[in-house]
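Hi everyone, thanks for coming. Please have a look at the chain on the screen, and we'll walk through it together.

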Amino acid sequence: PRPRARPRAAPPPPMGQVCECEGSDAKNEVAPPARLPPEDVVQAAVLEEKAFDKASAGFPSEIKKLWGTWKTQADNQIMGRIEGTDIIWDKSFNYNRSPLRVLPRGRVEMELTNQELYQADVINGEPLKLRWSDGEVWVRVSK
């Protein structure tokens with residue numbers, strides 16, 4: 001299952017480093033962020049890992065094992081990633097998210113649009129695969 005491509009909105013103008021609201025003198029310039037010392041970077045990574053463990057605690061293991069980036073088996077098209085209980089589509093589809101829920105007997109269901117539902121069998125192995133009800137097979141390429 002693939003979302004229909006929607007036309008892309010015009011991109012926002014690039015963000016600048018200068019505030020133009022009161023003029024453009026040097027007093028309005030924003031200093032670039034300082035680089036963190038290496039010991040702070042390591043500490044930040046540990047804190048992020050702990051936050052991830054805490055955040056993932058509320059999700060069923062059947063969903064957590066699907067988290068990662070997925071592509072189609074037939075043409076290697078990156079579809080997006082499964083995160084939390086959603087499929088977050090690749091930006092090439094210009095489509096935000098589709099809810100994903102666990103069904104009995106190793107199946108999941110995705111709501112592509114308000115009335116368009118697809119089910120998939122989870123095929124365990126390396127790599128993990130999803131065989132969707134329309135015949136398309138997705139392969140997980142990263143966790």
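For the chain, the mean pLDDT is 78, and 62% of the residues reach 70 or more.

Now look at residues 49-54, where pLDDT stays under 50. The model has 1 contact there beyond four places in sequence. Where pLDDT is low, the predicted coordinates should not be read in detail.

On to the overall layout. The chain has 2 helices and 8 strands, and if you trace the sequence, the order is α-α-β-β-β-β-β-β-β-β. There are 143 residues, and 27% of them are buried. If we take contacts between residues at least 6 apart in sequence, 37% of those link residues at least 24 apart. The accessible surface is about 10,300 Å², with 54% of that belonging to carbon and sulfur atoms.

Let's zoom in on one residue, aspartate 86, which you'll find in strand 3 (residues 86-89). Is aspartate 86 buried or exposed? Its relative accessible area is 18%, and the cut-off for buried is under 20%, so aspartate 86 counts as buried.

Who are its partners? Setting aside residues up to four places away in sequence, aspartate 86 touches Arg81, Arg97, Ser98, Pro99 and Leu100. With arginine 97, there is a polar contact between the two side chains, at 3.1 Å.

Definitions and conventions
Residues are numbered from 1 along each chain as its sequence is written. This is a predicted model: local features need pLDDT of at least 70, side-chain atom pairs count only at pLDDT 80 or more; totals for chains, interfaces and linings use all residues. Side-chain values use heavy atoms; hydrogens and water are left out. pLDDT is the predictor's confidence in each residue, from 0 to 100. Contact means heavy atoms within 4.5 Å. Helices (H or I, at least four residues) and strands (E, at least two) are DSSP runs, numbered from the N terminus. Buried means under 20% relative accessible area, exposed over 50%, partly exposed in between (1.4 Å probe, protein chains only). A polar contact is a pair of N or O atoms within 3.5 Å; within protein, one must be able to donate a hydrogen and the other to accept it, and residues adjacent in sequence count only if both atoms are side-chain atoms. Accessible areas come from the Shrake-Rupley method with a 1.4 Å probe; for residues, only the protein chains shown count as cover.
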